[in-house]
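Here are my notes on the model, for your comments. Please read them with the structure open.

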Amino acid sequence: MPTLEWLNKKEAVKTADKVPYKLLNIKPELSYGEQNGNMIIKGDNLEALKALLPYYKGQVKCIYIDPPYNTGSAFEHYDDNLEHSTWLSMMYPRLELLRELLAENGSIWISIDDDEQAYLKVICDEIFGRKNFVNIVSVNMKNIAGASGGGEDKRLKKNCEYTLVYAKNYCFLPQFKNAFDYTEIWELIETYKKNNVSWKYNSVLLDSGEKEYIGSTSDGEANEIKIYKRNNPMIVSVKQLSINQNLTEKQVYYKYGHKIFQTAMPQSSIRTRVMKRVSELHVNSDIYSIEYIPRSGRNKGKLYEQFYKRDSFRLFAWLKDVSDEINGILYKKTLQGTYWDFVAGTKNLSKEGDVVFPNGKKPETLIERIFDMCTNSNELVLDSFLGSGTTAAVAQKMGRRYIGIEMGRHAITHAAPRLKKVIDGEQGGISKSVNWQGGGGFTFYDLGESIFDEKGNINKQIDFESLAFHIWFSETKMAMREHKKSPLLGVFNNTVYYLLYNGILGDKKVNGGNVLTSKIIETLPKPDNKKHNKVIYGEACRLSLDRLRKENITFKQTPYDIKAG
Ligand SMILES: C[S@@+](CC[C@H](N)C(=O)[O-])C[C@H]1O[C@@H](n2cnc3c(N)ncnc32)[C@H](O)[C@@H]1O
C-alpha cells in the first residue's frame with residue numbers, strides 16, 4: 001500500500017511505544033458533582049492516552065477529535081503553526097494510541113480543514129487500514145468561528161471543513177442510527193410548488209379492490225410470483241379527495257399518507273416477467289397486484305405485495321416507503337449524505353457553554369449528531385483535543401460516559417467550568433433538544449509520575465490498584481475491567497494472576513502478606529473450581545522450586561519482573 005514519508009517519520013512510528021506510562025492524579029478541588037467515572041485530564045494527550053491504555057484499551061465506542069488544523073495561525077489559547085512534518089509526527093503516535101483505545105465496534109471522527117486533510121487521510125489509512133475508512137463528511141461551517149479564513153489572497157474563502165470517519169473494524173461497525181434527514185411532507189410539497197418542481201405523490205388508492213387470482217409466473221430462481229387482478233379498486237387524486245371530503249390537501253396527506261402513491265416504470269426483471277405472463281393470459285384490468293418473496297433488498301425473505309397500473313404496468317411507489325410517521329406527522333426521509341449543512345445554522349456559537357474560545361469551539365449540534373449516530377446511552381466517548389470542553393458537555397447532556405484530555409490551561413479555565421455549568425443544568429447548545437435538566441459529574445486529573453523508570457523498574461509510590469491494572473495489561477495486553485480489592489487479578493488463557501503488594505491481604509507490616517509462603521498460598525482466593533496455571537507477583541518467595549513446579553506456579557518478583565505493557 002502506498003504510504004506517506006516525511007522527515008523523522010521513522011521516529012514518529014516508534015514514539016507511541018516509547019512514551020512512559022504515567023500515573024493519573026486526581027485533583028479533587030477541580031472535580032465536580034457525582035464521581036462516576038467521567039474524566040477530564042489536563043496534560044499532553046500523548047502521555048494521557050498511554051496512561052489510559054491499561055484501563056480503557058478496546059473500550060471506547062466513539063472518539064471525536066478536533067486537533068489543531070495547522071493553518072499557520074496563533075490563536076488566543078493555542079498555537080496552530082507546526083512545521084508540516086512536525087504536525088504529522090505529532091498526529092501519528094496519537095492516532096495509534098487512539099486506535100488502541102477504540103472498541104472493536106467503535107469509530108473515530110476527526111475534524112480537519114483543507115490544509116492537512118489529504119495528508120491526514122493517508123496516515124489514517126496507514127494506521128486504521130483503508131478497509132476501515134468509512135466516509136469523509138464535508139461540514140458547512142459558513143459563518144461559524146474558525147472557518148472563515150482564506151479569501152483575502154488568491155484562494156477561495158474556506159467555508160467547509162471535513163470530518164474523516166474510520167471504523168476500528170468496518171465488519172463490526174453497526175449501521176449508523178438516525179442517519180436520516182427529515183422534512184415534513186407538506187413543507188416539502190410547498191417547496192416543490194414554489195420552485196416549479198413537480199410533486200408526483202398525488203394519487204390515493206382509497207380501495208385496493210377485491211383480489212382475483214389469474215395465474216403465476218416465476219422469478220430468476222424459479223420461485224413463484226402470484227398474479228391477481230383487482231376488482232372495483234378506487235383511485236382518486238389528492239385534490240379530488242380534498243374536495244370530496246372537505247379537507248385541505250395537507251389534511252389529506254396526513255389522513256391518507258399510507259395510501260398515497262406515484263407510479264414509475266423501473267427496469268425490473270420481475271415487472272417484465274409479470275407483463276409477459278398477463279399478456280399470455282389475455283386478462284384486462286385497471287390494477288394488478290403480485291405476491292412473492294424477494295430474494296434481496298429491504299423486503300428480502302418476506303411475503304411482499306406490489307401493485308401495477310393498466311397495460312403499461314406502471315409500478316405503484318408508495319409515499320410511506322420514503323417517509324416516516326412521527327407523532328402523527330409524515331416526514332420524507334432521505335439517507336443522510338456526506339454534506340452536513342445543519343451546522344451552518346448555529347447561532348451564537350461564541351456563547352455556547354458560556355465560555356469564550358475564539359476560532360476553535362465546535363457547535364454542540366455537530367458532536368450531538370455524531371454521538372447520536374454511533375453511540376448509545378452510557379457508552380464511553382473520548383476527545384483528546386478537548387479545547388473548551390464541547391465534546392464532554394455534549395456527552396454529559398446525552399448520557400454518555402466521557403474522557404476529555406486537554407493540555408492547555410483552558411482545561412482548568414474553560415472546560416472544567418463549562419462542565420460544572422452543564423452539571424448545574426446549563427440551557428445553551430443542545431440542552432433544549434435533549435431536555436437537559438442537569439446532573440452527573442466528572443473527576444479532574446493531571447499527569448503524575450512515571451510508573452516505570454528508564455530501566456523498567458516500578459515506581460515505589462504506586463498503589464495496589466494502579467499496579468494491578470498495569471500488571472494485568474502487561475501480561476494480557478487487555479484492559480482490566482474492574483478495580484481490584486483482592487490479590488486475585490483474574491484468569492486469562494487458563495492462567496490465574498495474583499498480586500501480593502502493599503499488604504493487600506490485610507497485613508500492613510513491612511513485607512506483610514507480600515511474600516509468597518505456604519500459609520499465604522492457602523489464603524489466596526480461587527476464581528473457580530478449575531485447575532489453572534498460576535502467575536504470582538510478590539516481593540519474595542519462600543516456596544521450593546519443586547513445590548512451585550508441582551503446583552504450576554510461576555513466581556514473579558516485584559519490582560524487577562514487572563515489565564511496562
Ligand atoms: C481546535 S481546539 C479544540 C476545540 C474543541 N473542539 C472545542 O469545541 O472547544 C484544539 C485543542 O487541542 C489542544 N491540544 C493541542 N495539542 C494537544 C496535545 N498534544 N495534548 C492535548 N491537547 C492538545 C489545544 O490546546 C486546543 O485546545
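1. Strand 3 (residues 39-42) and strand 23 (residues 401-406) run parallel and are joined by four bridges. Within this pair, I40 stands opposite G404 of strand 23. Keep in mind that this is a predicted model.

2. Strand 3 is also joined to strand 24 (residues 441-450), again by four bridges and in parallel. Here M39 has T443 of strand 24 as its bridge partner.

3. Which way do the side chains of strand 3 point? M39 and I41 point one way, and I40 and K42 the other. All of these residues are buried, K42 included.

4. Next, a helix pair. The axes of helix 3 (residues 84-101) and helix 4 (residues 117-128) come within 10 Å and cross at roughly 35°. The crossing is right-handed. Helix 3 contributes L88, M91, Y92, L95, E96 and R99 to the contact. Helix 4 brings Y119, L120, I123, C124, I127 and F128. Ten of the contact residues are nonpolar, two are charged and none is polar.

5. Three strands form an open sheet in the order 10-20-19, with antiparallel pairing. Strand 10 (180-184) and strand 19 (323-326) are the edges, each pairing on one side only. From one strand to the next, the twist averages 40°.

6. In that sheet, five bridges join strand 10 to strand 20 (residues 329-335). F180 has L335 of strand 20 as its bridge partner.

7. What lies across this sheet? Helix 5 (residues 185-194) lies across strand 10, strand 19 and strand 20. Helix 5 runs at about 75° to strand 10.

Definitions and conventions. Residues numbered from 1 in each chain as written. Predicted model: local features only at pLDDT ≥ 70, side-chain atom pairs only at ≥ 80, totals over all residues. Buried ≥ 20, exposed ≤ 12 C-beta atoms within 10 Å, placed from the backbone. Helix = DSSP H or I, 4+ residues; strand = E, 2+ residues; numbered from the N terminus. Pairing = 2+ DSSP bridges. Axes fitted to C-alpha atoms, helices over the stretch in contact; angles between N-to-C directions. Left-handed = near helix turned anticlockwise from the far one by under 90°. Contact = placed C-beta atoms within 7 Å. Nonpolar A, V, L, I, M, F, W, Y, C, P; charged D, E, K, R; others polar.
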